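Try each task before you read its solution.

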Amino acid sequence: MEDSTILNITTYLEALAQGNGLSEIEVFILQGLELIHVGKGIIRCKLIVTDRVAGDDGTWHAGVIAAVMDAIGAASVYSTGDGFHSSVDLNSSFYSTAKIHEKVEVEARVKGTNGRLKSSVIEIRRERDGELIATGRLWMAPLVLKVKHTASSNLSKL
C-alpha cells in the first residue's frame, strides 16, 4: 500500500499543475508541472518555461527559479512523512537559464538532517541537453504552531 504522505504530496502537486491550489504563488510558478517520480525524500518533475515566469529578456526569471526550488524542495521534505516544515534557509547558485518554451527537469532530494532540521538539495537542468541551470540547498525546520489563549494580547502594535 502506498504511503499516505506520498499520496498527499502527489495529489497536492497534481492540483498545482492543473492550476488549482491554496497558494497563488505556487499555482503561478508550478502550473503545467509534469510529475516523473514522487518517493520518500525525492521529487522529480518537468516544467515548461512560459512567458508568465520569464523576465523582459525572455528567459526564466531567477526569482521564479528560486521559488520553484523552495516549493519542490519543501515537497521532498514533506514526502519523508515527518509533517510540515518551514523554510529557514535557501542557498541557490545559478549557472545558466532557460528561455520561454524550453522544458526543464527539477529534482529535489532530502540529503541530511542537523538536529530537527532537514536539508534538501535541488538541481534544475535543461531537458534538451542536460545543462545545469541552478542548484539549491534548502534547510527546513519542523512547523510547530502553539496557540496560547490569554486575557490580554501580546501582539505587537506596530
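**Exercise 1.** In which loop is His101 found?

*Solution.* His101 sits in the loop between β3 and β4; helices (H or I, at least four residues) and strands (E, at least two) are DSSP runs, numbered from the N terminus. The model is a predicted one, in which local features need pLDDT of at least 70, side-chain atom pairs count only at pLDDT 80 or more, and totals for chains, interfaces and linings use all residues. Residues are numbered from 1 along each chain as its sequence is written, and side-chain values use heavy atoms, with hydrogens and water left out. Next, look at the backbone: phi of His101 is near 80 degrees, a positive value in a residue other than glycine. Most residues other than glycine have a negative phi. Finally, His101 counts as exposed because its relative accessibility is 68% (buried is under 20% relative accessible area, exposed over 50%, partly exposed in between, with a 1.4 Å probe and protein chains only).

**Exercise 2.** Work out which residues of α1 are buried, and what they pack against.

*Solution.* Start with the length of the helix. Now list the buried residues: Thr5, Ile6, Ile9, Thr10, Leu13, Leu16 and Ala17. Viewed down the axis of α1, they fall within an arc of 130 degrees, so they line one face of the helix (the arc is that of the directions from the helix axis to the C-beta atoms). Their packing partners are α2 (24–30), β1 (34–39), β2 (42–48) and α3 (62–78). Last, check what follows the helix: just after α1, Gly19 takes a positive phi of about 90 degrees.

**Exercise 3.** Describe the surroundings of Thr80.

*Solution.* With 10% relative accessibility, Thr80 counts as buried. Then find its contacts (heavy atoms within 4.5 Å): leaving aside neighbours within four places in sequence, Thr80 is in contact with Lys40, Gly41, Val110 and Lys118. One of these, Lys118, makes a side-chain to side-chain polar contact with Thr80 at 3.2 Å (a pair of N or O atoms within 3.5 Å; within protein, one must be able to donate a hydrogen and the other to accept it, and residues adjacent in sequence count only if both atoms are side-chain atoms). A polar atom of the Thr80 side chain also lies 2.6 Å from the backbone oxygen of Val77.
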